[in-house]
Amino acid sequence: MRIKVISWNVRGLNDKKKREIIKSQVQNWRADIICMQETKVEGDIEEIIRQICGGRWVRYASLEASGTRGGILMLWDCRVWKGEVLQTGAYTLTCKFDALLQNFQCHITRVYAPNCRIERKKVWSEIGVVRGLMEGPWAVCGDFNVTRYPSEKRECSRRSRAMVEFSDFIEDMEMIDLRLEGGNYTWFKGDNYTAASRIDRFLISEE
């Protein structure tokens, strides 16, 4: 079964004009499951969901932001998928999805990792716990806030301890790190994008 999953760092959903842009993209993508991070929203988000997706067939799971940062949101069409939250962590949200039209089940873990290396270890621990709760096809996607190799970060010449730890984590989880196409980086900052790195990824299990 082929699944179209969108992972998008929206950098906040509180602005109405931005929600209109997101709604347009959601309609164009026609994705099975849409994962958003850095939503920066807390409390009741029913109205925001309605503005982004409209119809009554949309279901969602969310991890609230803490203050003005963070937040994770997963959206799916309940006519096609039965979704339920398997595990909620401080930095991750994992849902189980059962296809209603085919005999297929998968899990998706959404990640929005902190910049701090020590705090990031909690992310690896959360995902490790989830790994022990399930079997079958699994994807881990989102903003890991760390790269694996110096080539994934502009003007970086050495492999840091954090990079090694991230690679070790991927190997321990027996995940496949999908190749990035269409560019070298996923995050940019500064005039003329002086800072750039590949901090967003899709990891999948062999299944």
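Predicted model: local features only at pLDDT ≥ 70, side-chain atom pairs only at ≥ 80, totals over all residues.
Colleague: Which residue stands opposite Leu203 in S12?
Modeller: Asp177 does. Three bridges connect S9 with S12, and the two run antiparallel. Strands pair here if DSSP finds at least two bridges between them. The S and H labels are DSSP runs, numbered from the N terminus: strands (E) have at least two residues and helices (H or I) at least four.

Colleague: OK, back to strands. What order do the six strands of that open sheet have?
Modeller: Reading across, S5-S6-S7-S8-S12-S9, and the pairing is mixed. The edges are S5 (81–88) and S9 (175–177), each of which pairs on one side only. On average, neighbouring strands in this sheet are turned by 25° against each other, ignoring direction. For angles like that, axes are lines fitted to C-alpha atoms (for helices, over the stretch in contact), and values run from 0 to 180 degrees between N-to-C directions.

Colleague: In which sense do S7 and S8 pair, parallel or antiparallel?
Modeller: Parallel: S7 (105–112) and S8 (138–143) share six bridges. Arg110 sits opposite Cys141 in S8.

Colleague: And how many bridges join S8 to S12?
Modeller: Five, and there the strands run antiparallel, with S12 covering residues 200–205. In that pairing, Gly142 stands opposite Arg201 in S12.

Colleague: What holds paired strands together in general?
Modeller: Strands of a sheet pair through backbone hydrogen bonds, whether parallel or antiparallel.

Colleague: Switching topic: how much space lies in the largest pocket?
Modeller: About 850 Å³. A pocket, on a 1 Å grid over the protein atoms alone, is an open set of points with protein on both sides within 12 Å along at least five of seven lines; a cavity is a set where a 1.4 Å probe fits but cannot get out, and lining residues have an atom within 4 Å of a point. Grid points are joined across faces, edges and corners, and the volume is the space filled by probe spheres set on them.

Colleague: Which residues lie nearest the centre of the largest pocket?
Modeller: Val5, Ala139, Leu178, Phe202 and Ile204, out of 31 lining residues. S12 gives the largest share of the lining, with five residues. S1 (5–9), S7, S8 and S12 each supply at least two.

Colleague: What kinds of residues does the lining of the largest pocket divide into?
Modeller: 15 nonpolar, seven polar and nine charged. Nonpolar means Ala, Val, Leu, Ile, Met, Phe, Trp, Tyr, Cys and Pro; charged means Asp, Glu, Lys and Arg; the others, Gly among them, count as polar.

Colleague: How many cavities of 30 Å³ or more does the structure hold?
Modeller: One. The largest cavity has about 30 Å³ of space, and its lining includes Thr39, Val41, Ile45 and Leu73. Strands S3 (58–63) and S4 (72–77) are the elements that give two or more residues to that lining.

Colleague: Which order do the four strands of the other open sheet have?
Modeller: S1-S2-S4-S3, again with mixed pairing. S1 and S3 are the edge strands, pairing on one side only. S3 and S4 run antiparallel, joined by six bridges, and Arg59 stands opposite Trp76 in S4.

Colleague: Which strands does H1 touch when it packs on the sheet?
Modeller: S1 and S2 (33–37), and the direction of H1 makes about 160° with that of S1. H2 packs on the sheet too, touching S2, S3 and S4, at about 130° to the direction of S3. Contact means heavy atoms within 4.5 Å.

Colleague: At what angle do the axes of H1 and H2 cross?
Modeller: Roughly 50°, for H1 (16–29) and H2 (46–53), with the axes coming within 7 Å. That makes H1 oblique to H2. Under 35 degrees counts as roughly parallel, over 145 as roughly antiparallel, 65 to 115 as roughly perpendicular, and the rest as oblique. Arg19, Ile22, Lys23 and Val26 of H1 meet Ile48, Gln51 and Ile52 of H2.

Colleague: Last one: how far apart are the axes of H3 and H4?
Modeller: 11 Å, for H3 (117–131) and H4 (161–172), at an angle of about 0°, which means H3 is roughly parallel to H4. Among the contact residues are Trp124 of H3 and Phe166 of H4. That contact divides into five nonpolar, no polar and five charged residues.

Definitions and conventions:
Residues numbered from 1 in each chain as written. Heavy atoms only, no water.
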